[in-house]
Amino acid sequence: MEENIDEQLLINARIDTNSDIDIRTQILRIAVYDEFKAYETYTKIIEKFGLVQPFVNIKEAEAIHYAALIQLMQRYNIEVPINNWASKIEIPNTLIECCEMGVATEINNIAMYNNLLSYTIDADIKDTLFKLQAASFNNHLPAFRNCVINHYNIGNTSNISQENIMEKLGEYQVILDDIMSGNIDENSISQIFSKLNLSMVSGAVLGGAVIALLNNYISKKDKKEEE
């Protein structure tokens, strides 16, 4: 499998101020590589489960996203990274897990753009990054959240007790609180989804509670930024 020279930087999806690569190049290569990842992920989900929403629409949007970034890279004479995600991505066995993965993917994408924007100076790049982040926040993330909510509202049941569910959620509330207080980098929110298999501990209570935690986190984040 062919790899990029800056593969680890691209995978980390965060600016490295100690790198020999200039910041503008890091910003655009990281951004387009992450959009490649989302595109290939949703492509594989469609290949496995058919033309299911919201993956079809969001896959098309991801293609528009990376095309806009490639246009900027051409303007600044920056080499486009190799898109080698197709051989790296593993797709879950159920559609609901794919929706949960979509939520995690878009949260990480939003966090990545926060990091990249904090280092961006060029007005045209900043404008594009803001637009791409807004698309993830306002369109993609809500679509995947709705996918998860709809699944749990259909009537799935679980033998897991409410006490066990709330105990499990408590572990992740600590992570969210630490993120909001600045003790943990925003990217750590992905731990919620890597440690908690929602499909294994299903039920309307859990599904609603996790989405409520996520909505609460985003709401607090917005208020914090407005202050």
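**Entry 1: the end of α2**

I started just past helix α2, where glycine 50 has a positive phi of about 95°. I note here that the model is predicted. At the other end of α2, I found a side-chain oxygen of aspartate 22 within 3.2 Å of the backbone nitrogen of arginine 24.

I then checked the length of α2. Its 27 residues reach 39 Å from the first C-alpha to the last, close to the 39 Å expected at 1.5 Å a residue. I also looked up burial along α2: 20 of its 27 residues are buried, so the rest of the structure largely encloses this helix.

**Entry 2: the chain as a whole**

I listed the secondary structure next. The protein chain has eight helices and zero strands, and I wrote its pattern along the sequence as α-α-α-α-α-α-α-α.

Of the 227 residues in the protein chain, 49% are buried. For the accessible surface I noted about 11500 Å², with 49% of that area belonging to carbon and sulfur atoms. I also looked at how far apart in sequence the contacting residues are. Taking contacts between residues at least 6 apart in sequence, 77% join residues at least 24 apart.

**Entry 3: the core**

Which residues have the most contacts inside the largest nonpolar core? I noted Ile30, Phe55, Leu69, Tyr113, Leu116 and Leu129, in a core of 46 residues. Helices α1, α2 (23-49), α3 (55-75), α4 and α5 each supply at least two residues of this core. The largest share is that of α2, with twelve residues.

Setting aside neighbours within four places in sequence, I found tyrosine 113 in contact with Ala31, Glu35, Leu69, Leu129, Leu132 and Gln133. Leu69 and Leu129 in that list are also among the core residues with the most contacts.

**Entry 4: the cysteines**

I searched for disulfides and found one in the structure. Cysteine 99 and cysteine 147 form it, with their sulfur atoms 1.8 Å apart. The angle about the S-S bond is 55°, and the link of cysteine 99 and cysteine 147 is right-handed. Cysteine 99 sits in helix α4 (residues 95-117) and cysteine 147 in helix α5 (residues 123-153), so the pair ties together parts 48 residues apart in sequence. I checked burial for both: cysteine 99 is buried, and cysteine 147 is buried too.

Cysteine 98 counts as buried because its relative accessibility is 0%, below the 20% limit.

**Entry 5: glutamate 7**

Last, I looked up glutamate 7, which is in helix α1 (residues 7-12). Is glutamate 7 buried or exposed? Its relative accessibility is 5%, so glutamate 7 counts as buried.

I then asked what the side chain of glutamate 7 makes a polar contact with. The partner is the side chain of tyrosine 33, at 2.7 Å. Not counting residues up to four places away in sequence, glutamate 7 touches Tyr33, Asn84 and Lys88.

Methods: Residues are numbered from 1 along each chain as its sequence is written. This is a predicted model: local features need pLDDT of at least 70, side-chain atom pairs count only at pLDDT 80 or more; totals for chains, interfaces and linings use all residues. Side-chain values use heavy atoms; hydrogens and water are left out. A disulfide is a pair of cysteine sulfur atoms within 2.5 Å. Helices (H or I, at least four residues) and strands (E, at least two) are DSSP runs, numbered from the N terminus. Buried means under 20% relative accessible area, exposed over 50%, partly exposed in between (1.4 Å probe, protein chains only). A polar contact is a pair of N or O atoms within 3.5 Å; within protein, one must be able to donate a hydrogen and the other to accept it, and residues adjacent in sequence count only if both atoms are side-chain atoms. Contact means heavy atoms within 4.5 Å. A nonpolar core is a set of buried Ala, Val, Leu, Ile, Met, Phe, Trp, Tyr and Cys residues joined through side-chain atoms within 4.5 Å. The expected span of a helix is 1.5 Å times one less than its number of residues. Accessible areas come from the Shrake-Rupley method with a 1.4 Å probe; for residues, only the protein chains shown count as cover.
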